[in-house]
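Visitor: Could you walk me through this structure? I'd like to start with the charged pairs.

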Amino acid sequence: MEEKLFFGGVKGGKTTKIITLNGKKMRKIPSTIGNLTGLKVLNLQNNLIPSVCSELSTLTQLTVLNMGNNLLEEVPEEVKYLTSLTKLHLFGNRISRFASEICDGLKNLTLLNLNNNQLTYIPKEVSRLENLIYLSVNHNQLTSIPRELCFLKNLCELQLNYNQISCIPEDIWFLKSLQKLFLARNNIEVLPELLCHLINLKSLDIAGNLIQIFPSGFQYMKLKEFYCEGNPLYLKHPVGAIKKLDVLSLQEITSRFIMNQLIEMNPFLMEAMAWYPQIWQTISKGKLCAICGKSFLAMWIECVEFVPPSKNWRTSRNLKLVPLRTLICSFACFNQRGPNQFGIAHVQNQ
């Protein structure tokens with residue numbers, strides 16, 4: 001039946017450029033497809049195909065392959081030979097395996113849609129898809145984002161909604177072309193500070209995660225759309241607390257002195273530090289106080305500053321204040337904080 005259907009849809013013989021056989025209850029791809037060496041577009045969406053034939057790999061001029069809503073259990077290995085492929089749709093299958101070597105041959109791929117599958121990982125070799133612009137892996141079982149994905153310099157849209165992702169790589173800021181980032185309904189607790197360096201990001205959806213606070217500088221992002229409903233954000237409900245005096249360790253006192261002297265370009269310390277790489281490693285973890293601007297190592301107190309969302313953002317209606325993370329180095333600086341800055345309190349209900 002497949003042979004008859006297939007060649008019933010072929011009008012130009014070997015010169016055929018486009019075949020569309022969506023929703024035909026096909027259970028296999030005929031091996032004779034290998035004769036159509038000039039084929040550009042193959043649409044086989046909404047069928048019952050569990051695997052592809054080896055002859056598919058001969059279609060080196062194919063630019064679009066749509067096998068959405070079939071019965072595939074893996075990303076077909078044959079697609080790695082489709083060197084002209086620009087768009088690959090494999091949504092709505094049963095895919096749980098994505099072999100790393102598949103990425104080797106897809107240098108021209110610009111769109112990859114793997115929505116509604118059973119993937120638990122994205123191979124780190126995804127970084128080889130150097131021309132990828134759009135990647136969507138919604139409704140899978142991903143638990144992490146590979147660091148290597150962050151080096152897709154042409155990626156403009158990344159959709160990873162409805163997974164089990166718990167964190168975002170610090171290297172996310174390398175995605176300089178990224179305009180849309182969708183991470184709704186995951187298990188993310190913290191947004192990396194370097195996320196704020198995504199200067200071209202226009203749409204960010206992190207609704208339905210476990211986020212309580214946003215990184216400092218988040219309010220300056222040039223977003224047009226921002227959605228964060230369904231997160232346990234810190235609320236502005238001030239309560240009284242016992243104020244504690246500063247008790248700094250000897251390491252903290254020494255680290256603060258060294259870091260602040262280095263900022264002032266102390267020549268003696270600049271020369272001496274070359275002999276102590278382990279100290280460089282320690283002070284590289286330093287932070288700047290949000291009040292005095294001086295460096296410190298161990299956090300004295302984590303604070304939250306409440307600011308209104310940018311007027312340029314399209315947001316959820318109930319978002320009135322955005323809680324931003326700020327770090328303060330001492331009790332003295334804490335006493336000089338602004339009216340919208342508060343120490344974070346964990347209040348237990350009696």
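Guide: A salt bridge here is a side-chain nitrogen of Lys or Arg within 4 Å of a carboxyl oxygen of Asp or Glu. This is a predicted model, in which local features need pLDDT of at least 70 and side-chain atom pairs count only at pLDDT 80 or more, while totals for chains, interfaces and linings use all residues. Residues are numbered from 1 along each chain as its sequence is written, and side-chain values use heavy atoms, with hydrogens and water left out.

Visitor: OK, how many salt bridges are there in the whole structure?

Guide: The search finds six of them. One of these joins Glu77 to Lys80, with the closest N and O atoms 3.3 Å apart.

Visitor: Are Glu77 and Lys80 buried or exposed?

Guide: Taking buried as under 20% relative accessible area, exposed as over 50% and partly exposed as in between (1.4 Å probe, protein chains only), Glu77 is partly exposed at 39%, and Lys80 is buried at 18%.

Visitor: Which residue does Arg97 pair with?

Guide: Arg97 forms a salt bridge with Glu74, and their closest N and O atoms are 3.4 Å apart. The pair links distant parts of the chain, 23 residues apart, since Arg97 is in the loop between strand S4 (87-89) and strand S5 (111-113), and Glu74 is in the loop between strand S3 (64-66) and S4. Helices (H or I, at least four residues) and strands (E, at least two) are DSSP runs, numbered from the N terminus. Arg97 counts as partly exposed at 40% relative accessibility, and Glu74 counts as partly exposed at 38%.

Visitor: And what about Arg128 and Asp104?

Guide: Their side chains meet in a salt bridge at 2.4 Å, N to O. This pair also links distant parts of the chain, with Arg128 in the loop between S5 and strand S6 (134-136) and Asp104 in the loop between S4 and S5, 24 residues apart. Arg128 is partly exposed at 34% relative accessibility, and Asp104 is partly exposed at 35%.

Visitor: Switching to the sheet: in what order do the strands run?

Guide: Counting two strands as paired if DSSP finds at least two bridges between them, eleven strands form an open, parallel sheet in the order S1-S2-S3-S4-S5-S6-S7-S8-S9-S10-S14. Strand S1 (18-20) and S14 stand at the edges with a single partner strand each, so one side of each has no neighbour in the sheet. Within the sheet, S5 and S6 pair in the parallel sense over three bridges, and Asn113 stands opposite Ser136 in S6.

Visitor: How many disulfides are there?

Guide: With a disulfide defined as a pair of cysteine sulfur atoms within 2.5 Å, the count is zero. For Cys303, the closest cysteine sulfur is that of Cys289 at 8.8 Å, which is too far for a bond. Cys303 is buried, with a relative accessible area of 0%, and Cys53 is buried at 13%.

Visitor: One last thing: where does Trp313 sit?

Guide: Trp313 lies in the loop between strand S13 (301-307) and strand S14 (314-315), and at 7% relative accessibility Trp313 counts as buried. Contact means heavy atoms within 4.5 Å, and, leaving aside neighbours within four places in sequence, Trp313 is in contact with Phe218, Gln219, Met221, Leu223, Lys224, Phe226 and Val322. The side chain of Trp313 also reaches the backbone oxygen of Met221 at 3.2 Å. The C-alpha atoms of Trp313 and Lys222 are separated by 8.2 Å, although these residues are 91 residues apart along the chain.

Terms used: Polar contact = N/O pair within 3.5 Å; in protein donor to acceptor, adjacent residues only side chain to side chain.
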